[in-house]
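Please consult the sequence and the structure shown below alongside the text.

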Amino acid sequence: MHRRFLNDGLISELHDKVSEALQKVGIRFENEEALELFRAHGMKVDGQYVYFTDRQIEEALACFSSFEMGEITERSVTSQLFYGVPYILDENTNICRNATVADVVKMYKLGETSDLYGGCGIAVVDPCDNDAEDKYLAQIAMMLKYSDKYFTNGFRASSYNTKDKEVYASACKAIELIKEFRSTGEDDNYMNQCVCPMSPLAYDDECILNIKAAVVNGQSVTICPCSIGYLTGPVTIFGLNVHDMAIALAGTVYIQLLRPGTEVYYSVCSTQSDLRTMQPTYGSVEEIFVSVAFYELCLSYKLCSSICAALTDAIRPDYQSGVESALTTLMPFELTQLDVVYAYPGLMSGFSCGSFEKAIYDEELVRVSNRYLKGISLSLDEGIIEDMYKAKTTDTFLYTKSSQRFREDFFMAKGFYKGGIAPHEYPGKDELKHNALNEISRRIDNYVLPQRTLEQKRILNRYLPSQCKY
């Protein structure tokens with residue numbers, strides 16, 4: 001097993017504490033149907049708290065594919081544009097505002113016109129001008145209209161965004177809509193439902209209903225605890241790990257009782273709180289420690305886990321934003337052995353705000369990071385001496401017709417300014433922002449709406465907001 005951050009002794013201690021938490025403290029499930037399911041399978045239930053033995057955990061983990069890290073031959077940063085934010089930092093006014101349907105559409109257009117993104121998610125939660133009868137289904141319909149990428153749903157149906165507050169019905173209908181639209185088979189996995197349990201030590205009713213909708217409809221689930229140290233989680237890094245793993249394993253048991261064999265994945269968005277402001281700090285070294293330790297703890301249970309990257313607490317795409325995003329992207333590779341981290345370009349102020357301008361900067365960060373992770377070929381260029389002979393007569397290497405060899409070793413930044421400066425010169429414009437705004441405009445102009453059949457348009461028009469109907 002590949003491990004560098006945690007040693008075997010600490011892993012064993014963490015396992016013991018997780019087991020003790022599950023057996024003695026318990027996990028709260030705020031849904032009577034879920035509690036009845038646990039009782040029916042002989043598990044200890046006291047009020048809303050469920051208690052789990054080591055054997056029950058082991059039986060659940062044996063139901064789906066185990067994961068073991070093999071030899072790492074390539075490391076990379078993969079990415080998907082920010083999603084699930086309530087606010088947008090407007091790049092034209094520099095004002096933070098409520099997100100709109102136009103922002104949702106803009107996000108999909110930028111995502112579809114980049115070669116970096118393999119998937120998509122719901123950009124913003126509850127756009128303020130979403131006039132659809134069922135606002136949750138409207139989000140799914142917009143995704144199906146504007147994107148063809150694989151869908152990871154980090155958003156959930158709730159009493160605030162569903163018709164008549166029918167959370168479970170809307171969550172199921174969303175999956176049925178994707179299936180009907182894409183004409184997928186009964187057992188196809190065409191989306192992943194990411195859920196964030198409600199810390200401390202609980203799955204709230206809406207979280208459980210969204211899990212159930214995904215599982216009974218044959219979709220995979222990612223469990224992503226989001227605990228805040230000193231507020232909704234323990235006060236230490238390893239305390240957060242124990243708390244979060246206990247929650248994750250309890251949720252895994254519930255999922256396997258619903259439908260044995262359902263694939264479950266894991267991530268974590270837990271961090272410390274800043275005691276001066278009582279805000280979570282995602283752009284911090286400690287957040288990286290929490291994530292890396294949780295990742296290695298997952299590996300010890302043979303669970304597939306991922307690490308989030310390009311995080312910042314900044315409220316502007318400024319120096320703080322750049323430093324924190326770079327740290328959270330590259331530091332995990334230095335602390336542990338992993339093949340990939342998942343960046344979400346454009347996230348700001350934790351997971352509270354999205355910035356299209358920062359998304360362009362973060363895309364450059366992803367490219368630079370991947371260049372770093374690729375490394376260099378440890379073999380000499382056979383043309384070295386020949387180039388030197390030519391340079392003797394030309395006094396330059398510019399005309400050696402070796403641009404291809406040059407590009408193999410040297411990365412050329414796409415968006416960062418590399419034009420130099422002269423004495424007494426002060427650029428009249430912000431080159432970095434100027435380039436970012438131009439890139440946004442170029443991509444929006446080049447976006448082509450995916451082709452849809454008349455039947456697909458008819459299906460989507462039942463749920464789309466008025467601004468987006470065909």
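The model is predicted, so local features need pLDDT of at least 70 and side-chain atom pairs count only at pLDDT 80 or more, whereas totals for chains, interfaces and linings use all residues. Residues are numbered from 1 along each chain as its sequence is written, and side-chain values use heavy atoms, with hydrogens and water left out.

**Terms for burial and secondary structure**

- Buried means under 20% relative accessible area, exposed means over 50%, and partly exposed lies in between (1.4 Å probe, protein chains only).
- Helices (H or I, at least four residues) and strands (E, at least two) are DSSP runs, numbered from the N terminus.
- Two strands pair if DSSP finds at least two bridges between them.

**Strands and pairing**

- In a regular strand the side chains alternate between the two faces of the sheet.
- Strand β4 runs parallel to β17 (residues 340-343), and 4 bridges join them; S76 stands opposite V340 in β17.
- In strand β11 (residues 220-223), S220 and T222 point one way and V221 and I223 the other way, and all are buried.
- β11 is joined to β9 by 4 bridges, the two running parallel, and S220 is the bridge partner of N192.
- β11 also runs parallel to β13 (residues 264-266), with 3 bridges between them; here V264 is the bridge partner of V221.

- Helix α3 (residues 54-61) has Q56, I57, A60 and L61 buried.
- These residues lie on the same side of α3 because they cover an arc of only 135 degrees around the axis, the arc being that of the directions from the helix axis to the C-beta atoms.
- R55 and E58, on the other side of α3, are exposed.
- The cover over the buried residues of α3 includes α1 (8-25), β3 (49-51) and α8 (237-258).
- F294 lies in helix α9 (residues 285-300) and counts as buried because its relative accessibility is 0%.
- Leaving aside neighbours within four places in sequence, F294 is in contact (heavy atoms within 4.5 Å) with N241, D244, M245, Y266, S267, V268 and S305.
- F294 and G350 are 56 residues apart in sequence and 19 Å apart in space, C-alpha to C-alpha.

**Cavities**

- On a 1 Å grid over the protein atoms alone, a cavity is a set of points where a 1.4 Å probe fits but cannot get out; a pocket is an open set with protein on both sides within 12 Å along at least five of seven lines; lining residues have an atom within 4 Å of a point.
- Grid points are joined across faces, edges and corners, and a volume is the space filled by probe spheres set on the points.
- A search of the whole structure finds 2 cavities of 30 Å³ or more.
- The largest cavity has a volume of about 60 Å³, and its lining residues include Q80, M107, Y117 and S147.
- Helix α4 gives the most to the lining of the largest cavity, with 4 residues.
- The second largest cavity has a volume of about 40 Å³; among the residues that line it are Y136, N153, M191 and N210.

**Second largest pocket**

- About 560 Å³ of space lies in the second largest pocket.
- Of the 22 residues that line this pocket, D381, R405, F406, D409 and F410 are the closest to its centre.
- The elements giving two or more residues to this lining are α11 (356-374), α12 (384-394) and α13 (403-409), and α13 contributes the largest share, 5 residues.
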